[in-house]
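Subject: Structure for you to look at

Hello,

Here is the structure I said I would pass on. Please open it beside this message and read the notes below with it.

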Amino acid sequence: MKLRQLKNALQQTEYGRLFRTNMLCSEPIPVKTAGGIEERCFWCGYNWLKNTFTAPLVRLSYDAEKGVGLSFVSCKEEPFFSVGPDTLIQGTNNPEEMDEKYLKFEEMYDLVSSLFYKEKCSEEEKHLLYDFYNAFKDYVDGALMVFYKELAPSFFEWLEGELADYQEWK
Amino acid sequence: MTRYCISMEGAYAMETLGRRLSYNADAITEASADLEHRIDEADGTGNSLGIYYDAIKSLMHEILKTLENSREDLACLGDQAKQQADMIIKLVTDGLGVSDASDSYSANRAGNKNWEPRKLDATRYGFKKDSKGFFFYNEPKETYDKLMWHVQGCNTLHFRGTCGLCSCVNILRLAGREWTTEEEVVRYAAAEGLCTNNSPDNDMNGGTTCEDRQKILKHFNLDCGTFSPVFSSGWEINYDATIKLIAEYVETGRGVILSVNAYTLWYGKVNNGNSGHAVVVISVKKDKNGQIVEFFICDTGSGIGKWYKTDKIAKALLAYPMNLTGILR
């Protein structure tokens, strides 16, 4: 499923009905579970005019194929790194550059999504994953990166594991 | 009453603009704070506004003078800022022409309790032809200028992220509850937890979901449902079918609040689908072949009401549920 479709699926789940204006939904991160792949996201308060965020308010997961929610947890109960939702975070990305960066990220996501959680990728596949990871890090605001890693540690462990012996990554 | 609301909007909108653009106008801030205090007191009783009317009028003259002096500075900030400045000057100027504000304000307040939406079997309006041969529903410009709430952030809780709440205000106004203010809706929503009310940043406070807006409208006696974009297989939005659906709702007199990406709507940027903004659709324009070419959008975030090309609306659309009422007008 393409990134755009993954996002549309979330917006149509029962959780999509809880997403308020002035919030930011993170990019969906796939996580392998006993039941298959689930997508995980977090939501922050978002002021796009000032490019500021609150720490995540909610963490959630959903089944994109079925368009149904799987879990929805308030960060008041389970905060990220003990950072409460009242914390304001200044974004670091330049909004003027975001279009180009997002399009690159989206393109790479759609290109490599079939490789997610594949073991022993070929050199060519590793090259694609390397480009994908760079596009992701380039696009996602640096201030939010820590939350992504806590949201889905297994995905980043897998990705960095596959890239561990890739020449350019070293 | 409408003229009174315009004057209040003008004064409040100016404060909002001042905050947003951070331009250096201490005089406006001071005058606006004083005005807000007086309005707060007037709101408390609903009847005492007349006592303050002369003071408000005098303050507005001061504010208008200061704003006009700042027009050049505002123009430097870009077309949108200039448009807002021009609009606010117009609003304040209109407001200064009010002569019976307090009377109509009290009268309408008394009417709140018994308000019911119109019961219509079909829309009362049809399409008109413009000078270029396009057909448009009702009178969008006039509706926008005379009826709609223009700029969000005009409330004493200082919530500024109130696009969805102001969209409720505008749906209620379209439905005939013309005296509805942002203050009234924001106060209710905040008290009932039907909007974000605990963010450390007031630009984030006032945020709503589609369901929040449904409940708010219900409180004001207006039934409201939801609709979603039309999907083709695999969660791909079918934009042509969705645009047709929206047009059909609007031209049959129903109230529609769209969920869009503001960054795309305002600046034509890529829609990454990660954040939402609410706007009301007032009208639809078609060519002689019936092709939908534009929608008239009331956007309280930008403070602008204007025609947007259909493809721009399609690009800005999100997949979240959106609000839909019965026939309002």
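Chain B has 13 helices and eight strands. Helices here are DSSP runs of H or I with at least four residues, strands are runs of E with at least two, and both are numbered from the N terminus. The model is a predicted one, in which local features need pLDDT of at least 70, side-chain atom pairs count only at pLDDT 80 or more, and totals for chains, interfaces and linings use all residues. Residues are numbered from 1 along each chain as its sequence is written, chains are lettered from A and ligands numbered from 1 in the order in which they are written, and side-chain values use heavy atoms, with hydrogens and water left out.

Chain B overall

Of the 329 residues of chain B, 58% count as buried. Buried means under 20% relative accessible area, exposed means over 50%, and partly exposed is in between (1.4 Å probe, protein chains only). The accessible surface of this chain is about 13,300 Å², and 47% of that belongs to carbon and sulfur atoms; such areas come from the Shrake-Rupley method with a 1.4 Å probe, and for residues only the protein chains shown count as cover. Among contacts in chain B (heavy atoms within 4.5 Å) between residues at least 6 apart in sequence, 69% join residues at least 24 apart.

In helix H9 of chain B, residues 182-192, the buried residues include B:Glu182, B:Val185 and B:Tyr188. Just after this helix, B:Gly193 has a positive phi of about 70°.

Cores

In soluble globular proteins, nonpolar side chains tend to be buried together. A nonpolar core is a set of buried Ala, Val, Leu, Ile, Met, Phe, Trp, Tyr and Cys residues joined through side-chain atoms within 4.5 Å. The largest one has 59 residues, and A:Phe105, A:Phe132, A:Phe136 and A:Phe155 have the most contacts inside it. Helix H3 of chain A (residues 123-139) gives the largest share of this core, seven residues. Apart from it lies another core, of 37 residues, including B:Tyr144 and B:Phe159.

What does A:Phe136 touch, beyond its neighbours within four places in sequence? Its contacts are A:Ile29, A:Phe105, A:Met145, A:Tyr148 and A:Phe156.

Cysteines

The whole structure has zero disulfides, a disulfide being a pair of cysteine sulfur atoms within 2.5 Å. A:Cys44 is buried, at 0% relative accessibility.

Salt bridges

A salt bridge is a side-chain nitrogen of Lys or Arg within 4 Å of a carboxyl oxygen of Asp or Glu. There are 24 of them over all chains.

- A:Lys118 and A:Glu125 pair at 2.7 Å, N to O; A:Lys118 is partly exposed at 34%, while A:Glu125 is buried at 17%.
- B:Asp130 pairs with B:Lys285, with the closest N and O atoms 4.0 Å apart. This pair links distant parts of the chain, 155 residues apart: B:Asp130 is in the loop between strands S1 and S2, and B:Lys285 is in strand S5.
- B:Lys309 pairs with B:Glu294 at 3.3 Å between the closest N and O atoms. B:Lys309 lies in strand S7 and B:Glu294 in strand S6, 15 residues apart.

Shared partners also join A:Lys50, B:Arg160, B:Asp201 and B:Asp203 into one network of salt bridges.

Regards
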